[in-house]
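Good morning, and thank you for coming. Please look at the structure as I speak.

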Amino acid sequence: MSDLEARADSLLVRAASGRPGPRPPVWFMRQAGRSLPEYRELRVGTGMLDACRDPELITEITLQPVRRHGVDAAIFFSDIVVPLAAVGVGIDIVPGVGPVVDKPVSDGADVDRLRALEPDDVPYVTEAIRALIAELGPTPLIGFAGAPFTLASYLVEGGPSRDHARTKVFMHARPDLWHTLLARLAVIAREFLRVQIEAGAAAVQLFDSWAGTLSLADYRDFVLPHSREVLEPLAGLVPRIHFGVGTGELLGAMREAGADVVGVDWRVPLDEAARRLGPGAVVQGNLDPALLGADWPVVEAAVRRVVDEGRAASGHIFNLGHGVPPDTEPDVLTRVVDLIRSLG
Ligand code: CP3
């Protein structure tokens, strides 16, 4: 079997397509990053966005967790704000804070300045993915982008926010401008995913990390149509995973946006998530990341429960309910992978 065929037949792609496998595939959101000493060492002296533009660093950082933990998929090392910076938005990632915008978006001129993303804007992405595909062999690479709402929340708030109040006021007070903003962000996100698929990503994940802050009604009116503009045109190319935090009320709508797999945080058990999503649904998740700090018997019992609950769905990709906390002991992640591998 060629590597291309092996990737198409990998546990990840099989589960994402609802084809049965011997066990769930496992990978972790934020598996590449600060929980690994080899990552911290490599990042000394290089800013986050500069690291995301360096094909050699991207390649090495993406491979680190695959080598160390033996996960079933790699996730491309980048950030949701990389394509925004690539089209000229003044934005940086401040350590311990997150993305910070020079001039928050507040009027029509700000929205007009947001132009479409062209493949030539991100040559380092194509270059790094080609190198990664060669190194990864049969292991699939997951590409990703930030969803229009989550990207807009950073642009409107100017940085991370707890309640996203400015974003909510913006969408209700200036709905026309909001829809123009999200339509532009949808093009950027979709083209960023397309570049990754064309370079060889075997699956993609759309991160709408902060969508759970919205009511279902607001999600449907102000967000879903734009996320659909990201996901629908990519149908049939590679499996599409759609994830957010605190989205228990939104799961069905997130599937409707055009997802093959819906990511679930730790608040909703996977059997209940499968029920809410309806027939044929594939889920990803959902170990509470906080439990990674517990003694092993606690972690083991929680992992087994997630796997059991995941059997209610038509497919299950094991993951955390959100990203790996930076203070996680890396060996715990390796043990979780070993446990899941022992199930198949
Ligand atoms: O392993 C992986 O998951 C791949 C890499 C990845 C990063 N960011 C690297 C990163 C991915 C998939 C992301 C996506 C991302 N970035 C999201 C969606 C995922 C989620 O967590 O919900 C969001 C909301 C962002 C925005 C962002 N970037 C935040 C909130 C932060 C943390 C700020 C901090 O320092 O606490 C970042 C920075 C970031 N992105 C880091 C990494 C490894 C840490 C910065 C560093 O190592 O210097």
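Let me begin with a term: a residue counts as near a molecule if one of its heavy atoms lies within 4 Å of that molecule. Please keep in mind that this is a predicted model.

Which residues come nearest to the ligand? There are 27 residues around the ligand, and those that come nearest are Arg 30, Tyr 39, Asp 79, Ser 209 and His 322. Sorted by class, this shell holds 16 nonpolar, 7 polar and 4 charged residues.

Ser 209 places a polar side-chain atom 2.4 Å from a ligand oxygen. For Arg 43, a polar side-chain atom lies 2.8 Å from an oxygen atom of the ligand. Ala 32 takes part through its backbone, where a polar atom is 2.9 Å from a ligand oxygen.

On its own, the ligand has 870 Å² of accessible area, and the protein covers 91% of it. The space that the ligand takes is the largest pocket. Two or more residues of the shell come from each of the elements α3 (37-43) and β3 (98-101).

Finally, let us return to Arg 30, in the loop between α2 (11-16) and α3. Is Arg 30 buried or exposed? Exposed means over 50% relative accessible area. Arg 30 has a relative accessible area of 54%, and is therefore exposed. Between Arg 30 and Ala 211, the separation is 181 residues in sequence and 19 Å in space, taken from C-alpha to C-alpha.

Terms used: Residues are numbered from 1 along each chain as its sequence is written. This is a predicted model: local features need pLDDT of at least 70, side-chain atom pairs count only at pLDDT 80 or more; totals for chains, interfaces and linings use all residues. Side-chain values use heavy atoms; hydrogens and water are left out. A polar contact is a pair of N or O atoms within 3.5 Å; within protein, one must be able to donate a hydrogen and the other to accept it, and residues adjacent in sequence count only if both atoms are side-chain atoms. Accessible areas come from the Shrake-Rupley method with a 1.4 Å probe; for residues, only the protein chains shown count as cover. On a 1 Å grid over the protein atoms alone, a cavity is a set of points where a 1.4 Å probe fits but cannot get out, and a pocket is an open set with protein on both sides within 12 Å along at least five of seven lines; lining residues have an atom within 4 Å of a point. A molecule sits in a cavity or pocket if more than half of its atoms lie within 2 Å of its grid points. Helices (H or I, at least four residues) and strands (E, at least two) are DSSP runs, numbered from the N terminus. Ala, Val, Leu, Ile, Met, Phe, Trp, Tyr, Cys and Pro count as nonpolar, Asp, Glu, Lys and Arg as charged, and the others, Gly among them, as polar. Buried means under 20% relative accessible area, exposed over 50%, partly exposed in between (1.4 Å probe, protein chains only).
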